[in-house]
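Biologist: Could you pick one part of this predicted model and go through it closely? I would like to know how that part sits among its surroundings.

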Amino acid sequence: MKALVYNGPRDVSVEEVPDARIEAPTDAVVRITTTNICGSDLHMYEGRTDVEQGKVLGHENMGVVEAVGDAVGNVRVGDRVSLPFNVACGTCGNCEKGLTAFCLRANPGQAGAAYGYASMGPYRGGQAEYLRVPWADFNCLTLPEGTERELDYTMLSDIFPTGWHGVALSKMQPGETIAIWGAGPVGLLAAHSAQIMGASRVFVVDQQPDRLTLAEQIGAIPVDRSAGEAVEQLADLTGGGPDRGVDAVGYQAHGPDGKEQPEIVLNDLVAAVKPTGGIGVVGVYLPQDPGAENELAKEGKLAFDYGTFFFKGQSMGTGQCNTKAYNARLRDLITEGRANPGFLVSHELPLDRAPQGYERFDNREDGWTKVVLHPAA
Ligand SMILES: NC(=O)c1ccc[n+]([C@@H]2O[C@H](COP(=O)([O-])OP(=O)(O)OC[C@H]3O[C@@H](n4cnc5c(N)ncnc54)[C@H](O)[C@@H]3O)[C@@H](O)[C@H]2O)c1
Ligand SMILES: [Zn+2]
Ligand SMILES: [Zn+2]
């Protein structure tokens, strides 16, 4: 089968690899109809992780079940399914609590596994014609049959639940105000989620004009940080700061000078969010980052403004999204027309053109908001 393979920094190609197949009785094999390129893939693409050469990438996958193992009971050949990016066993202590991003069995020695990702276990990704899905009864979310709303449902594997998780971690209540840092796909879907959850006003902070325009189009209030300090703009707009904040940027955040400054978003959130407010961090931070600009950050340590955080009595929630905790309800919001996360798709490409998709999305080229691939096309 054909698959997108990581060769080295800024070097990916579509190659012939061994077919995905049933390896355990609890497996399914899914023919991939849509698989997305994620901002998280760019950390690997840019050589900022320890991902191994030859890894098949792709953790945002959906498709049609092609085969099932003997022990699979609920998922049937022909089912249209979304696969949470987390690979989870369903029965360990953390999975039982709904904390599927921290499964204790899928990636021994570590909590949490994913398809096609650095340090997240041996699983191949789905930027390929087929994907092996372990513990298929647990990891397949069944979707309405057919091909309708494909671009909406494809966001269920990661970024719609992740955006939702960011808002949930901030503990936002209906009627509150919330500011989201980052107008990338995750930030835009955090904004969409906050609106559905009943925020009175949603602000989105970035400096990319095309992405800020999208934020405005969905009814959020864009805050252009190239036009002045976001913290001050938000203080003026809200009379003292928003109730809640979300980090949808992560460790490759940029300062006003365009240089990487890994702590800038966290410190902006502490400065902006009002006293006793909540902060949700879904932007990724790593325990080790040898490619970082300063010595502290190379060890995953940041100059975090903890004194102000403490003095303001804020709270913070962090981590990978437990996709399974949300995906069935978010699917139903899509099916009933209450959510349309597919609005952010800017490009649909065949698998063969994935390398160009990576390059242009990585350059944050104007209009390249979210790239989806259709291997089965
Ligand atoms: N926690 C999870 O489960 C999970 C899941 C998916 C993605 N992520 C992470 O979420 C983050 C965002 O993903 P994405 O796909 O939207 O990525 P992206 O790179 O497309 O978007 C990031 C955006 O942040 C903006 N930005 C950079 N520095 C900024 C700053 N100082 N202030 C405000 N905006 C700034 C950029 O201009 C860009 O538009 C990444 O770190 C990704 O790895 C986490
Ligand atoms: Zn992703
Ligand atoms: Zn588990």
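Modeller: Take helix α5, residues 159–169. Eleven of its eleven residues are buried, so α5 is largely enclosed by the rest of the structure. Buried means 20 or more other C-beta atoms within 10 Å of a residue's own; 12 or fewer is exposed, anything in between is partly exposed, and the C-beta atoms are placed from the backbone. Helices (H or I, at least four residues) and strands (E, at least two) are DSSP runs numbered from the N terminus.

This is a predicted model, so local features need pLDDT of at least 70 and side-chain atom pairs count only at pLDDT 80 or more, while totals for chains, interfaces and linings use all residues. Residues are numbered from 1 along each chain as its sequence is written, and chains are lettered from A and ligands numbered from 1 in the order in which they are written.

The axes of α5 and α6 come within 7 Å and cross at roughly 60°. An axis is a line fitted to C-alpha atoms, for helices over the stretch in contact, and the angle, from 0 to 180 degrees, is taken between N-to-C directions. On the α5 side, the contact is made by I159, F160, T162, G163, W164, G166 and V167. On the α6 side, P185, V186, L189, A190, H192, S193 and A194 take part. Sorted by class, this contact has nine nonpolar, five polar and no charged residues. Nonpolar covers Ala, Val, Leu, Ile, Met, Phe, Trp, Tyr, Cys and Pro; charged covers Asp, Glu, Lys and Arg; the others, Gly among them, are polar.

UniProt positions are given in the numbering used here, feature names are shortened, and annotations may be inferred rather than shown by experiment.

Helix α8 (residues 230–238) and helix α9 (residues 264–272) have axes that come within 9 Å and cross at roughly 25°. That makes α8 roughly parallel to α9; angles under 35 degrees count as roughly parallel, over 145 as roughly antiparallel, 65 to 115 as roughly perpendicular and the rest as oblique. In this pair, A230, V231 and L234 of α8 meet D268, A271 and A272 of α9. The residues of this contact divide into five nonpolar, no polar and one charged.

Q207, in the loop between β9 (201–206) and α7 (209–217), is partly exposed, with 16 other C-beta atoms within 10 Å. Leaving aside neighbours within four places in sequence, Q207 is in contact with D224, R225 and S226. Q207 and W181 are 26 residues apart in sequence and 10 Å apart in space, C-alpha to C-alpha.

G121 lies in another loop, between α2 (93–96) and β6 (130–133). G121 is partly exposed, having 18 other C-beta atoms within 10 Å. Beyond four places in sequence, G121 is in contact with V87, A106, N107, A113 and A114. From G121 to A271, 150 residues along the chain, the C-alpha separation is 37 Å. S119 is also found in the loop between α2 and β6, and its phi is near 60°, a positive value in a residue other than glycine. S119 is partly exposed, with 16 other C-beta atoms within 10 Å. For residues 25–141, UniProt lists "domain: Alcohol dehydrogenase-like N-terminal", again from an unreviewed entry. That stretch is 13% helix and 23% strand, and its end C-alpha atoms are 19 Å apart.

Terms used. Contact = placed C-beta atoms within 7 Å.
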